[in-house]
Amino acid sequence: MSNSIACIVYRNGKILIAHRNPVGDMGGRWEFPGGKVDPGETETQAIVREMQEEFSVRAKPGRKITDSVFYHKDKKCTLNAYFVSLEHDGIAVPYRLTEHSEYAWVKPEDIPSDNFVDSDLQIYPEVLKAIKNEKS
């Protein structure tokens, strides 16, 4: 079974999403930043590594929001979503992307109208609920 993490970066009423490079099964679609957890690595270690590798930014993992099981090419996968803080917002100093063509800060309620990857849409309702709880 594959284990992946989704980084939920929420700041000033907006959430960070990333547009995948146009290659592979999910190429050209939007997603929450993140990736696979390597063997021998914890989920929080994967968050720090993935954000450094894919965005060239230091990340601080927060609390776990939810997890979900899905199948990709008949392989069982688990996706674990965490709140994540980044050292900066990528606006004044742009993130250096390696796996994505662009990133955006969007209102959480706008996510379903984007061409989002299915696995992230599966956790979206719980992410939305967690964000609303953070605000209150």
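Starting at the N terminus, the protein chain runs β-β-β-β-β-α-β-β-β-α. That comes to two helices and eight strands. Here helices (H or I, at least four residues) and strands (E, at least two) are DSSP runs, numbered from the N terminus. This is a predicted model: local features need pLDDT of at least 70, side-chain atom pairs count only at pLDDT 80 or more, and totals for chains, interfaces and linings use all residues. Residues are numbered from 1 along each chain as its sequence is written, and side-chain values use heavy atoms, with hydrogens and water left out.

Now look at the overall form. The C-alpha atoms fill a box of roughly 40 × 30 × 30 Å, taken along the principal axes. The protein chain has a radius of gyration of 14 Å, which agrees with a compact globule of 136 residues, because such a globule would be near 14 Å. This radius is taken over C-alpha atoms, and the globule rule is 2.2 Å times the number of residues to the power 0.38.

How much of the protein chain is buried? Buried residues make up 45% of the 136 residues. Buried means under 20% relative accessible area, exposed over 50%, and partly exposed in between (1.4 Å probe, protein chains only). Contacts also reach along the sequence. Among those between residues at least 6 apart, 66% join residues at least 24 apart. A contact means heavy atoms within 4.5 Å.

Next comes the interior. In soluble globular proteins, nonpolar side chains tend to be buried together. A nonpolar core is a set of buried Ala, Val, Leu, Ile, Met, Phe, Trp, Tyr and Cys residues joined through side-chain atoms within 4.5 Å. The largest one here has 21 residues, and Ile8, Ile15, Ile17, Phe32, Ile111 and Val127 touch the most other members. At least two residues each come from β1 (2-8), β3 (14-20), β6 (59-72), β7 (75-86) and α2 (118-135). Helix α2 gives the largest share, six residues. Another core lies apart from this one; it has 18 residues, among them Ile5, Val37, Tyr95 and Trp105.

Take Ile15 as an example. Leaving aside neighbours within four places in sequence, Ile15 is in contact with residues including Ile8, Phe32, Trp105, Ile111 and Val127.

Finally, find Arg49 in helix α1 (residues 43-55). Is Arg49 buried or exposed? Arg49 counts as buried, because its relative accessibility is 18%. Not counting residues up to four places away in sequence, Arg49 touches Lys36, Val37, Asp38 and Glu41.
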